[in-house]
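Please look at the sequence and the model together.

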Amino acid sequence: MHEMANIVIVGGGAGGMEIATKLGHQLGRKGKARVTLVDCAESHIWKPLLHEVATGALDIGIDAISYRGHAASHGYHFQQGAMTDIDRDAKQVILAPINDDKGRELLPARRIDYDYLVIAIGSIANDFNIPGVREHCVFLDSTEQAMEIRTMLLNKFMRYASHHQLDDKIKIAVVGAGATGVEMSAEMHHAVEQLRGFGYKIDSSLLEITLIEADERILPKVEKEEISASVAKELTSIGVKVMTSTRINQVTAEGLHTSEGEFIQSDMVIWSTGVKAPDFLKDIGGLESNHINQVMVQQNMQTTRDPAIFAIGDCAACPQEDGSWVPPRGQSARQMALMTADNIKLLLAGKAASNNYVYKDLGALVNLSKFHTVGNLMSFIGGGIMVEGKIARFVYTSLYRRHLIELHGPIKGTLLMFAKGISRIIHPHLKLH
């Protein structure tokens with residue numbers, strides 16, 4: 001009897017979930033392969049929404065997707081755990097043991113067999129080895145980190161509401177003015193306004209946010225400078241201090257030191273600059289990687305040293321014919337995932353993985369909470385079309401709706417969107433616990 005192939009996907013972000021869902025539907029349900037998703041968390045949150053989790057604007061109890069429940073409904077299996085290594089000779093993924101909050105072992109270290117492996121770990125912020133960053137900053141790379149930031153923020157806000165002096169301010173520095181840093185800065189102001197509705201004597205003017213960017217403008221990866229200028233103007237209007245061409249060379253418990261000799265006092269530093277793959281991916285299993293730990297792949301997403309292993313999304317370094325590299329974007333991770341699923345199906349059919357990924361910039365959107373939404377669509381066509389206001393907001397929310405529909409199907413996805421809309425009407429707009 002022919003044994004089913006084992007397809008293992010490590011990483012349950014947007015790309016990992018999309019490929020697991022697609023292969024689960026097309027192979028797992030039909031008994032053509034055993035598809036397994038591995039992630040160290042129990043549930044999936046769309047990464048562009050982590051800044052809303054961090055401020056309490058998004059309730060993970062409503063918006064999180066359980067990996068186990070989703071797997072049971074969509075033809076794949078789920079294993080919780082963190083990958084520590086790859087045994088390429090035995091074709092096994094090695095997972096670390098799982099311990100409880102008291103350090104007691106719940107599950108021992110495990111090995112999972114694979115015929116085809118997809119690494120979809122994603123990325124983390126890059127500290128660039130700057131002294132003090134790891135010790136004194138908080139990061140927004142995972143749901144757990146977002147929850148930590150939320151607890152810290154709400155504790156500061158509530159303590160301030162009870163004990164503040166009239167001339168005191170809560171000083172928060174956000175380092176990195178990409179989409180995450182920009183959206184986080186706006187969302188914190190919105191959170192303060194929402195707290196006033198809970199009876200706290202706090203005003204957004206008492207929140208001092210400094211957004212720091214090493215580049216000459218915020219949103220440096222966004223091609224259209226008009227978008228950067230529009231966002232900078234809106235942030236300034238709501239009270240965010242925007243500092244560009246400013247490099248940090250040290251972080252202490254009191255604040256940040258710049259290369260220009262300036263000191264920026266801060267009660268809390270959120271580090272959201274730079275992108276790199278997690279350190280444990282560096283040369284994992286003898287695979288080739290680059291200086292930011294990304295796994296080197298060919299254009300069909302197969303790794304350069306092992307055709308049975310693929311890497312997609314931010315953790316993959318994918319070359320293009322013009323000599324450029326695919327940027328770490330959510331849209332590229334999704335497109336890579338869907339194409340890699342097709343290549344794996346070709347391999348199972350005894351054919352070559354012949355689909356090559358060609359990046360097309362579909363644009364970028366930035367949502368400043370309730371204040372403003374702006375972006376650029378179809379950037380690959382003559383520079384694209386700039387949109388803002390209600391149209392941009394509609395397109396921005398449509399991206400999340402599409403994600404839900406692709407993971408749950410059109411009927412359940414639409415029902416979930418309807419349920420989430422009702423929940424936002426009847427429940428508080430801020431999660432305080």
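## Basis of the model

The model is predicted: local features need pLDDT of at least 70 and side-chain atom pairs count only at pLDDT 80 or more, while totals for chains, interfaces and linings use all residues. Residues are numbered from 1 along each chain as its sequence is written, and side-chain values use heavy atoms, without hydrogens and water.

## Nonpolar cores

A nonpolar core is a set of buried Ala, Val, Leu, Ile, Met, Phe, Trp, Tyr and Cys residues joined through side-chain atoms within 4.5 Å; buried means under 20% relative accessible area, exposed over 50%, and partly exposed in between (1.4 Å probe, protein chains only). The largest such core has 102 residues, and those with the most contacts inside it are Ile119, Val182, Val231, Leu235 and Met301. A second, separate core of 15 residues includes Ala125, Val133, Val175 and Met243.

## Strand S11

Strands (E, at least two residues) and helices (H or I, at least four) are DSSP runs numbered from the N terminus. In S11 (residues 116–119), Tyr116 and Val118 on one side and Leu117 and Ile119 on the other are all buried.

Two strands pair if DSSP finds at least two bridges between them. S11 pairs in the parallel sense with S1 (residues 5–10) over four bridges, and Val10 stands opposite Ile119. S11 also pairs in the parallel sense with S22 (residues 306–311) over three bridges; here Val118 stands opposite Phe310.

## Two loop residues

Most residues other than glycine have a negative phi. Leu219, however, has a positive phi of about 50°; Leu219 lies in the loop between strand S14 (207–212) and helix H8 (225–237) and is buried, at 2% relative accessible area.

Asp283 has a positive phi of about 55°. Asp283 lies in the loop between strands S19 (268–271) and S20 (295–296) and is partly exposed, at 41%.
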